[in-house]
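Here is a friendly tour of one model, with a pocket, a helix and a sheet as its stops. Have your viewer ready.

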Amino acid sequence: MKKSKVWKKTALAVTGLALATSLAGCASATSGKDDAAKYHLPKAKITVDAETPSWKKDKNKASLNWFFGWDWFGPGHFDTPVEKYIRQDTGVDITYKSGGDDKLNSLIASGTLPDIITVDGGSPLVKELDKVAIPLDILAKKYDPYFMKHVADPSIVKFYKSADGHLYKYPNFAYTKDDYQAKDGLYGNEAFVVRKDLYEQIGSPDMSTPEGFLAALEAVKKLNAKGGDGKAVIPFGISAIGADSVGTDAWLADFLGIPTVKDGKLYDRYTDPEFVKWMKVLAKANRQGLLDPDVTTQTDATPKISNGTYFAYASANLNGDAYLFPAWANSHPSAAYEAINGPSSKEGSQTVALSGGSIAGWTRTYISKTCKNPEKAMELVTYLASEKGQATNYFGREGTDYTMVSGKAVFSDAVKDIKNNHPDQMDTKYGFGKNFSLENGSYLSKLAGIDQYSTADQQIYAWTVPYLSDTQSATAFMDANLTSEDSRNKEKIATNWAQTFVKILKAKSNADVDQAFASFKQFRDDNGNAAIEKSRNAVIAQNVKKLK
């Protein structure tokens, strides 16, 4: 789940910081006491042990408020089967609240924090929430030691621990080195796909080299084939070009196996010879009329995929595009899209650097210092982060909503009917995945297997598996320490690159491409790139150390 948001800081942040500092000061005043006493934690109501999750022993009930930091998250109290299962197992009744950073800032400032809080990992309030949260390791020691011993991933704990040695938050969708080594339940989010019927008509050629790539596109152009909308097939399309260049250079650099970090420092992908070479190939394709003529102006390429208008398409966000492929495949099964090796480096070498996510994850979940029942809150976090809670939250009750077949969770016929024929009712009727705050993507994906994807998408996702590489963990949070000036310069450089990318595609010659690259690099130098890289490399060095 990759998210990209622009976060607003308000004057309330100053007030929130003051409160956080005050709370931190209160805690330090009792530094002579044990950790539990520092946070004024009440005595556990049950006898805890590290081999049994406390929710299985504790039959007490509790009502807790859980804040999700997005305006789009629907607040309220839910009575779906999944919510009822969670209540039955843990004794906790959850009332969901939601809002953006401004609303959460107000809650911090007023001292009326919800019991549990989940925010986007990119929120500027992450650091402030560390100051108004009770460390999970302290809560677990007192109320539920099963969490630290059997639930929390040691690699994630090591990466997310603060300088004081405590774990204040836990992420979702965080993928570790072990996940990548296992490659069981992990799939890539990028793919090069072609229309099967046209690909076979031109002899299923090798498209991994510049020569083979251009020749295949030219051969398809000569077929004069039509898409589902009756318009001529466009040989090649890419995702819309944005200010952050997602769908352009990121996809191309990943397919070429160009590293993001080399020798412990951020690697300049823009000057890599293979990247420059293939950018010239894309420019040549455009000159020859093989690239979508609207690529530099369109904001949405989805109709051309769902209509089969593209012969070849570079998907930089497979999770976002996956619903489009079935739309075409269902009506044109012999012309379905399939993944093949597209542009690669070193004249035909295989793809080596597709990302399946990183340890950075997506969200951060906290238990606040003002939580009215920290014991039950910790039990709930343990439950939802555990394999038992994961399965319940995403598949329901075993034997009722799903059964286990050869290690995979298979929905009942009733659930399958809703999923296949009334997918819009899945959330309201069952509530699967409503609370995504502690989702272990790798475990759930392994549990669901390749059948989690539609038939039309399965070959594409399966194709990504051998090429997965953890290309992002070392660069996690690399912009966390940028100054305001650095951040402004970063945005200017990103915007300039998007403009440069368009110039390159429209270049009349290789010399024009070289000039566009030279101008971009000069723009970077003139706009504080050295300071940006210095800050980023300091964070990368810390990440590399944590990841060992």
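Contact here means heavy atoms within 4.5 Å. Helices (H or I, at least four residues) and strands (E, at least two) are DSSP runs, numbered from the N terminus. The model is predicted: local features need pLDDT of at least 70, side-chain atom pairs count only at pLDDT 80 or more, and totals for chains, interfaces and linings use all residues. Residues are numbered from 1 along each chain as its sequence is written, and side-chain values use heavy atoms, leaving out hydrogens and water.

Let's begin with helix H22. Among the buried ones are Tyr443 and Leu444.

| Element | Residues |
|---|---|
| strand E12 | 402–405 |
| strand E13 | 408–411 |
| helix H10 | 177–182 |
| helix H19 | 387–395 |

Just after H22, glycine 449 has a positive phi of about 70°.

Now for the sheet. Five strands form an open, mixed sheet in the order E2-E1-E3-E11-E4, where strands pair if DSSP finds at least two bridges between them. Its edge strands are E2 (92–98) and E4. Strands E1 (residues 62–68) and E2 run parallel, joined by seven bridges, and phenylalanine 68 stands opposite serine 98 in E2.

Definitions and conventions. Buried < 20%, exposed > 50% of the residue type's maximum accessible area, 1.4 Å probe, protein only.
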